[in-house]
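Subject: Handover of a model

Dear colleague,

Here is the structure I said I would pass on. My notes follow below it.

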Amino acid sequence: MLMKNCMDVDECARDPLLCRGGTCTNTDGSYRCQCPPGHALTTKGTACEDIDECSLSDGLCPHGQCVNVIGSFQCSCHTGFQSTPDRRGCVDTNECLTGNGGCEVRCVNTEGSYRCSCGHGYSLMPDGRACADKASQTWNRPLILWEENPDICDGGQCTNVPGGHHCLCYDGFMATLDMRTCVDVNECDLNPHICLHGDCENTKGSFVCHCQLGYVVRKAATGCSDVDECELGGHSCDSHASCFNIPGSFSCRCQPGWVGDGFECRDLDECTFQEHQCSPSANCLNAPGSYHCACLPGFAGDGFFCEDRDECAEDVDLCENGQCLNAPGGYRCECEMGFNPAEDQRTCQGKAWGGRGEDIGEIFQ
């Protein structure tokens, strides 16, 4: 009874581009793609692509703006908040820990801000920081301004000065000439090339870069940085081609022994196109991506250099009843009297046994 065995096909080894951007694991009769954190399988299930966490959930950065990066996301925090160590969340900045927040007596931290307070019998001055005895306090115009508009220094800290106030502005804001208000700094107008390879969008106290295809915002980097598709496996080069990263994209080039545009490469038949270095005394044998040289019969060498073999010197018993004469790629026999060479001229035969030029029948008459 004839039995047939079935062997598993290793799809991962057969197609190096399978599970691009992830890890391919062969299984019995199939394979499995494992994607790194922040990535998910494409619809076809043959490659991994980045997950835009920002578009999937509106609540990732409650006190900031969500910015997608490859494999993760980062939070660009609002004023009064600072990034967590992993930059994936925003926590309140405790302004009271730095110089008591500028408060003369007591600093009270609040979510995203802070306020100053005074002890019993004292009232907060118009600058929102100093305290004065209630009995001797004069409620002047600056106090009225502060009560009417507590956000008068929105984007900064308000400091009282004789007859008015000054604003000490946070990063991303700048004071007006009279130092009475803080206005947003438009980083996009201030430096049109701040995003390098992307479009700049100004935000309150900061900015966001929308990168061109082939560029991303990286941690601790300003602007948009090039994505190395070759290193990340995000290219479509043929398995017999080399990938070369270029700004914003990549290029493919077929490896030696292969021809094509880099995205599709086919074997170059060096033997047919005479693009080999085999010896004239050798046969050229094509192989995938290369070729081999084999010396012709009667010649010895590595195929690239072949020299004639002296069969007569190698085997002294050749041409019995004759003399062996070496020839390029072979030898021939010069026979003694009474013997004739065979058809291939490599042995000597007695005339009585059918040597050429003599009728056997005449010998026995």
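Is Asn-100 buried, partly exposed or exposed? Asn-100 is partly exposed, because its relative accessible area is 28% (buried means under 20% relative accessible area, exposed over 50%, partly exposed in between, with a 1.4 Å probe and protein chains only). This residue is found in the loop between strand 8 (90-92) and strand 9 (106-110).

Some conventions first. This is a predicted model, in which local features need pLDDT of at least 70 and side-chain atom pairs count only at pLDDT 80 or more, while totals for chains, interfaces and linings use all residues. Residues are numbered from 1 along each chain as its sequence is written, and side-chain values use heavy atoms, with hydrogens and water left out.

Confidence

The protein chain has a mean pLDDT of 83, and 90% of its residues reach 70 or more (pLDDT is the predictor's confidence in each residue, from 0 to 100). Over residues 135-147 the pLDDT is below 50, and this stretch has 19 contacts in the model beyond near neighbours in sequence (contact means heavy atoms within 4.5 Å). Residues 353-365 also have a pLDDT below 50, with 12 contacts beyond near neighbours in sequence.

Overall make-up

The protein chain holds 7 helices and 32 strands (DSSP runs numbered from the N terminus: helices are H or I of at least four residues, strands are E of at least two). Of the 365 residues in the protein chain, 32% are buried. Among contacts with a separation of 6 or more, 18% come from residues 24 or more positions apart.

An unreviewed UniProt entry lists "domain: EGF-like" for residues 8-49, 50-91, 184-221, 226-264, 267-307 and 308-349 (UniProt positions are given in the numbering used here, feature names are shortened, and annotations may be inferred rather than shown by experiment). In the model, residues 184-221 are 11% helix and 42% strand, with the end C-alpha atoms 22 Å apart. Residues 226-264 are 10% helix and 41% strand, and their end C-alpha atoms lie 25 Å apart.

Hairpins

Strand 17 (residues 198-203) and strand 18 (residues 206-211) pair in the antiparallel sense over 6 bridges (two strands pair if DSSP finds at least two bridges between them). Asn-202 has Phe-207 in strand 18 as its bridge partner. The hairpin has 2 residues between the strands, and Gly-205 takes a positive phi near 80°.

Strand 29 (residues 322-327) and strand 30 (residues 330-335) run antiparallel and are joined by 6 bridges. Cys-333 in strand 30 is the bridge partner of Cys-324. These strands form a hairpin with 2 residues between them, and Gly-329 in the turn has a positive phi of about 80°.

Aromatic rings

How many aromatic pairs does a search of the whole structure find? The search finds 2 (rings of Phe, Tyr and Trp, the last by its six-membered ring, pair if their centres lie within 6.5 Å; planes under 30 degrees apart count as stacked, over 60 as edge-to-face and the rest as tilted). One of them is the edge-to-face pair of Phe-250 and Phe-263, at 6.4 Å centre to centre and 65° between the planes. The pair links distant parts of the chain, 13 residues apart: Phe-250 is in strand 22 (residues 249-254), and Phe-263 is in the loop between strand 23 (258-260) and strand 24 (265-267). Phe-263 counts as partly exposed, at 39% relative accessibility.

Arg-253 lies over the face of Phe-244, 4.4 Å from the ring centre (a charge sits over a ring if NZ of Lys or CZ of Arg is within 6 Å of the ring centre and within 35 degrees of the ring normal).

Single residues

Gln-345, in the loop between strand 31 (339-341) and strand 32 (348-350), has a phi near 60°, a positive value in a residue other than glycine. Gln-345 is partly exposed, at 33% relative accessibility.

Ser-72 is in strand 6 (residues 72-77) and counts as buried at 13% relative accessibility. Not counting residues up to four places away in sequence, Ser-72 touches Asp-50, Glu-53 and Arg-88.

Leu-124, in strand 11 (residues 122-124), is buried at 19% relative accessibility. Leu-124 and Val-105 are 19 residues apart in sequence and 9.7 Å apart in space, C-alpha to C-alpha.

Regards
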